[in-house]
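Let's take a walk through this fold together. Have the sequence and the model open side by side as you read.

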Amino acid sequence: MSTKYKATTLEEAYFITITAVGWIDIFTRLNQKNVLIKALQYCQAKKGLEIYAYCIMTNHIHLLCKATNGFILCDVVRDFKKFTSKKIIQTIINEPESRREWMLENFQKACENFKNEQNYKVWQNGYHAEHIYSNKFIKQKINYIHNNPVKDRIVAFPEDYYFSSARNYSGLENDLEVVLLDLF
């Protein structure tokens, strides 16, 4: 398996994008966004995940982060994806969701050719990770992350989007704490 876009080094930061299969808009519902927030909080508390910037979009999540305390980021991401996949399916099944049948059918089709007994596939294989190599690159990626909801016309200003660290950098309330970088 290629390691070109994998977070394989210890104690180094990466810009990561994790995407839903078929670019399905899972995270249009508050309950699904909360699944991700709680899982990220767990990873921060128990798996050494240090988050500098993030944004949860409708079908993907961006993170600027690193693993600390001897944890390996690719393992943290793997565990995050595995756990959230199960919770997302559970939430679709157990909570109100007008697109339930359609979503479950698409998640089932995504793993039809698997040899194992997997019933649903929520995330695309792997994830896209770019090693952070300079302050200029960090600024570029944080601006990209924070302006994603503006670009998609979800909000007019980055700090107005609740599921983004743009709020943290603006001193506003947010459910997910991040390590603020003093680069701006």
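Is asparagine 69 buried or exposed? Asparagine 69 is exposed, with a relative accessible area of 67%; here buried means under 20% relative accessible area, exposed over 50%, and partly exposed in between, using a 1.4 Å probe and protein chains only. You will find asparagine 69 in the loop between β3 and α2 (73-94), where it has a positive phi of about 55° although it is not a glycine.

A word on the ground rules. This is a predicted model, in which local features need pLDDT of at least 70 and side-chain atom pairs count only at pLDDT 80 or more, while totals for chains, interfaces and linings use all residues. Residues are numbered from 1 along each chain as its sequence is written, and side-chain values use heavy atoms, with hydrogens and water left out. Helices (H or I, at least four residues) and strands (E, at least two) are DSSP runs, numbered from the N terminus.

Tryptophan 23 is another non-glycine residue with a positive phi, of about 50°. It sits in the loop between β1 and α1 (30-46) and counts as partly exposed, at 46% relative accessibility.

Now for the interior. In soluble globular proteins, nonpolar side chains tend to be buried together.

Let's look at α3. Its buried residues are Met103, Leu104 and Phe107. They lie on the same side of α3 because they cover an arc of only 95° around the axis, taken from the directions from the helix axis to the C-beta atoms. Part of their cover is α2. Leaving out residues up to four places away in sequence, phenylalanine 107 has contacts (heavy atoms within 4.5 Å) with residues including Ile26, Ile89, Ile92 and Tyr120.

Finally, follow α4, residues 135-151. Among its buried residues are Phe137, Ile138, Ile142 and Ile145, and the buried residues of this helix pack against β1 (14-19), β2 (49-56), β3 (60-67), β4 (128-131) and α5 (166-169). Just after α4, arginine 153 takes a positive phi of about 60°.

How values were computed. Expected span 1.5 Å × (residues − 1).
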